Amino acid sequence: MILHTLNALPSSAAFGDCLKLLQPGDAVVLLGDGVYAALEDTSPCDELRATGVELFILQADALLAGIDRPAEGCNSIGMDELVALTERFPRQLAWY
Amino acid sequence: MTVADADKKPLLIVMRQSPYGTSLAKAAVDVALATAAFDQLVDLLFVGDGVLQLLAGQDSQSLGKKNIGRQLASLPLYDINQVYFDAEAVSRYNLDMSSSPVTAKLLNPQEMQQLMVAYDHLLGL
Amino acid sequence: MIYSLLVLSSPASGHGSRTGAEFARSVIARGHSIHRVFFLDAGTLTGSCNSVFPQDESDPALAWEALHREHAVELVLCISSALRYGMLDETEATRYERPSASINPAFTVSGLGQLVDACAHSDRLITFGG
């Protein structure tokens with residue numbers, strides 16, 4: 001299974017490509033410009049959730065962007081938890 | 001330098017960039033060739049805009065750039081034989097794969113998902 | 001576990017470079033080791049000794065430098081990217097007859113073989129881009 005780190009705007013090609021390759025059992029961590037996919041009631045957020053992946057958002061990046069309440073189903077994590085995810089998932093793919 | 005003492009860890013490079021818009025496509029090809037040159041296992045998956053690297057007849061001479069298409073055509077010389085394309089992207093850009101510098105397998109999203117989990121490391125460039 | 005990191009992010013745009021350094025610190029804190037951090041493409045700018053950040057902004061290079069100093073983390077700039085971005089060590093500055101070196105001594109310059117070696121010797125390869 002794959003840990004996807006998604007650092008790209010919902011309008012970007014990288015975002016669409018990532019979405020296409022997600023499968024249940026994968027996890028996505030939103031960071032950098034990727035955090036805007038955690039805005040509630042937006043289609044990128046709905047599309048991400050519909051893939052059935054575990055969804056996380058890097059808290060510091062969310063706060064920087066002004067997203068103090070990420071969309072439901074999107075768990076806020078710190079750096080330690082990001083490392084823990086890389087322990088759990090044998091491979092990472094970076095989207096940017 | 002040698003990496004012979006390590007177990008081989010198969011690497012899949014996920015090529016996502018157009019060839020000349022950034023320097024990342026060139027970097028990705030360089031990483032692929034270096035990995036093969038050090039006798040490690042490396043395969044390539046071209047996804048999304050990355051398939052634009054496979055357009056036939058790239059002519060880089062007048063702009064003094066390295067020709068990515070020509071570099072990709074040399075992959076078999078480095079024993080990089082497993083190359084995969086995103087079939088959707090190939091069709092979106094209406095690419096004629098019969099004239100592509102690389103011969104490769106066309107994959108749908110599900111096949112790409114299955115492919116990626118067969119590798120120890122993924123490198124998105 | 002053994003980790004290696006690949007950093008593609010420029011220190012001057014976005015905050016991928018800074019995130020990478022914080023990630024590396026957490027990796028060590030959780031008891032893992034870092035085999036190498038390899039900087040490629042715009043990521044090589046992280047090794048500049050000439051960048052100046054305003055006082056109210058943090059310089060990602062300082063975070064990397066601290067990892068090197070405190071935990072002997074190996075920081076390697078890809079030589080072909082580095083040269084394009086004007087990142088030269090003493091040897092390269094002399095070889096190409098440039099007025100001065102531009103690399104922070106915490107970083108070294110080497111070839112892509114170092115990335116290949118990092119992949120082969122690491123359980124995890126984590127990339128930071130954007």
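**Figure 1. Contact between chain A and chain B in the predicted model.** In this contact, 13 residues of chain A meet 15 residues of chain B. On the side of chain A that touches chain B, the elements giving two or more residues are α1 (13-21) and β5 (91-95) of chain A. By class, this side of chain A comprises eight nonpolar, two polar and three charged residues.

**Figure 2. The open sheet of chain A.** Five strands are arranged in the order β4-β3-β2-β1-β5 (chain A), and their pairing is parallel. The edges are formed by β4 (74-77) and β5 of chain A, each of which pairs on one side only. From one strand to the next, the twist averages 25°. In general terms, strands of a sheet pair through backbone hydrogen bonds, in either a parallel or an antiparallel manner.

**Figure 3. Pairing of β1 and β5 in chain A.** Strand β1 (residues 2-6) of chain A runs parallel to β5(A), and five bridges join the two. Which residue of β5(A) is the bridge partner of Leu6(A)? The partner is Trp95(A).

**Figure 4. Helix α4 of chain A against the sheet.** Helix α4 (residues 79-88) of chain A packs on the sheet and touches β1, β2 (27-30), β3 (54-58), β4 and β5 of chain A. The direction of this helix makes about 155° with that of β2(A).

**Figure 5. Contact between chain B and chain C.** Chain B contributes 18 residues to this contact and chain C contributes 14 residues. On the side of chain B that touches chain C, α1 (24-37) and β5 (121-124) of chain B each supply at least two residues. The element that gives the most to this side is α1(B), with six residues. Ten nonpolar, five polar and three charged residues make up the side of chain B that touches chain C.

**Figure 6. Fold and dimensions of chain B.** Chain B contains four helices and five strands, and from the N terminus on its elements run β-α-β-α-β-α-β-α-β. Along its principal axes, the C-alpha trace of chain B spans about 45 × 35 × 25 Å. A compact globule of 125 residues would have a radius of gyration near 14 Å, and the 14 Å of chain B therefore agrees with that expectation. Of the 125 residues in chain B, 45% are buried. Among contacts in chain B between residues at least 6 apart in sequence, 73% join residues at least 24 apart.

Notes:
Residues numbered from 1 in each chain as written. Chains lettered and ligands numbered in written order. Predicted model: local features only at pLDDT ≥ 70, side-chain atom pairs only at ≥ 80, totals over all residues. Contact = placed C-beta atoms within 7 Å. Nonpolar A, V, L, I, M, F, W, Y, C, P; charged D, E, K, R; others polar. Pairing = 2+ DSSP bridges. Axes fitted to C-alpha atoms, helices over the stretch in contact; angles between N-to-C directions. Rg over C-alpha atoms; globule rule 2.2 N^0.38 Å. Buried ≥ 20, exposed ≤ 12 C-beta atoms within 10 Å, placed from the backbone.
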